[in-house]
Every structure is written in structure tokens, then in C-alpha cells.
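Hello, and welcome to my notebook. I kept these entries while looking through a structure that was new to me, and you can follow along beside it.

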Amino acid sequence: MARAYIGFGGNIGDTRQLITDAIVCLALRSELQILAKSCFYQSAPVEATGGDYINAVIEVETELSPYGLLHVCQAIEQEFGRERPYANAPRTLDLDILSFEGVTQNETELMLPHPKIIERSFVLLPLLEIAPDIFLPNWGELKAYLPNVADQRIEKLACRNCNCGEKGVYSQTAH
């Protein structure tokens, strides 16, 4: 089993519900277990068009390979109506593997860790919420990069009746 972090985002439709439903889809898969979920964050688009995005990050333990996890994430995006008319287009749902335990690769289809983690507050803040001491090869402790994204507009959204930011097995009904 390997530990991985997956980032979620979107800015079309009821994004909070879409992300919640996508996390439930992942939780139903026998090949992985969700260990933690961040709160939702609302952020301005970075190198993208459209309205504000809603983002979150989850921590999973999986028996899938990095490419197996990528294909599961892409299938969920498709299920939720993801279209790719042009680069960085507005989207219903985007899932990115941020890191995969023990894997560093620079391939066209999948770069690990994700090369933009340290450049985007909408990834860094929810990731650090559930993994405050995360350390990645070539970058070190990710919290050291917070000053680099301090100028990006982001807001942690109020959460009611949820277990965001907490460690533990994610329940399909806890959202």
C-alpha cells in the first residue's frame, strides 16, 4: 500500500457537491482507503479563466500503481462531465495526483510530485491542513513555500457537519 494525495478543484456547477460526490466515488473503491480530507477552499483562478474555484485535498492509501490511480481519477472526472475544450478551461471537476509515496517521475502523462504544488495556494493550503509536516524530495518541507503564495486570493470556507481536516477513515456519509 502506498500513500498518495489527490487535489480536487472545479468552477462550474455546484462544485462543493461535485467534489463531495467524487470523494464518495473514491471511497467506494476497494483498492484505496481515504485517510483524511481537507476543508473546502475558494480561490481565484491561477493561469485559468472563469469564476472562482472550489478546492480540497484528500490523503489516500492505495494498492493501485500511480498510473492506476491516474486512470481512476480521470474516469471520475469523465463521469462528472469534465470537458477539455482548451488548456486551463473552466471545469466541473479536476482531480490531480499531487504526490505518490516513493515515486518521483517526470513523464508527459504523469509528473510526480505534481510540479505546481509549491506555486499554488489552492493546493498548498489544503494539503498542509491534512499533512502539516509533509516533506517531498527536491523541495523539502512544503510549509516553507507558504510565503511564495501569500499574494494569491484564497479563503477557507465554513464547514458544517463535516470532518474536514481530521485524520481517520473517511465515511461515505461524513461530508
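Which residues does Phe8 touch, not counting residues up to four places away in sequence? I looked up its contacts (heavy atoms within 4.5 Å). Phe8 touches Ile19, Ala22, Ile23, Leu26, Ile54, Asn55, Ala56, Ile58, Leu93, Asp94 and Leu95.

**Ground rules**

I noted that this is a predicted model, where local features need pLDDT of at least 70, side-chain atom pairs count only at pLDDT 80 or more, and totals for chains, interfaces and linings use all residues. Residues are numbered from 1 along each chain as its sequence is written, and side-chain values use heavy atoms, with hydrogens and water left out.

**Confidence**

I checked pLDDT, the predictor's confidence in each residue, from 0 to 100. The chain has a mean pLDDT of 89, and 88% of its residues reach 70 or more. Residues 168–175 fall below 50, yet this stretch has 23 contacts in the model beyond near neighbours in sequence.

**Cores**

Next I looked for nonpolar cores: sets of buried Ala, Val, Leu, Ile, Met, Phe, Trp, Tyr and Cys residues joined through side-chain atoms within 4.5 Å. Buried means under 20% relative accessible area, with a 1.4 Å probe and protein chains only. The largest core has 30 residues, and Ile6, Phe8, Leu26 and Leu69 have the most contacts inside it. Two or more residues each come from strand S1 (2–10), helix H1 (15–27), strand S2 (32–37), strand S4 (53–62), helix H2 (66–79) and strand S5 (94–100). I took the helices (H or I, at least four residues) and strands (E, at least two) as DSSP runs, numbered from the N terminus. Apart from this core lies another, of 18 residues, including Ala36, Leu124, Ile130 and Leu136.

**Strand S4**

I then followed S4, where nine of the 10 residues are buried, so the strand is largely enclosed by the rest of the structure. For pairing, DSSP must find at least two bridges between two strands. S1 runs antiparallel to S4, joined by nine bridges, and Ala2 stands opposite Thr62. S2 is also antiparallel to S4, with five bridges; Ile34 has Val60 as its bridge partner. S3 pairs with S4 in the antiparallel sense over three bridges, with Ser43 opposite Tyr53.

**Helix H3**

Last, I turned to helix H3 (residues 121–130). Why is H3 largely enclosed by the rest of the structure? Because nine of its 10 residues are buried. Among them are Phe122, Pro126 and Glu129. The buried residues of H3 pack against S1, S2, strand S3 (41–43), S4, S5 and strand S10 (154–156).

Terms used. Buried means under 20% relative accessible area, exposed over 50%, partly exposed in between (1.4 Å probe, protein chains only).
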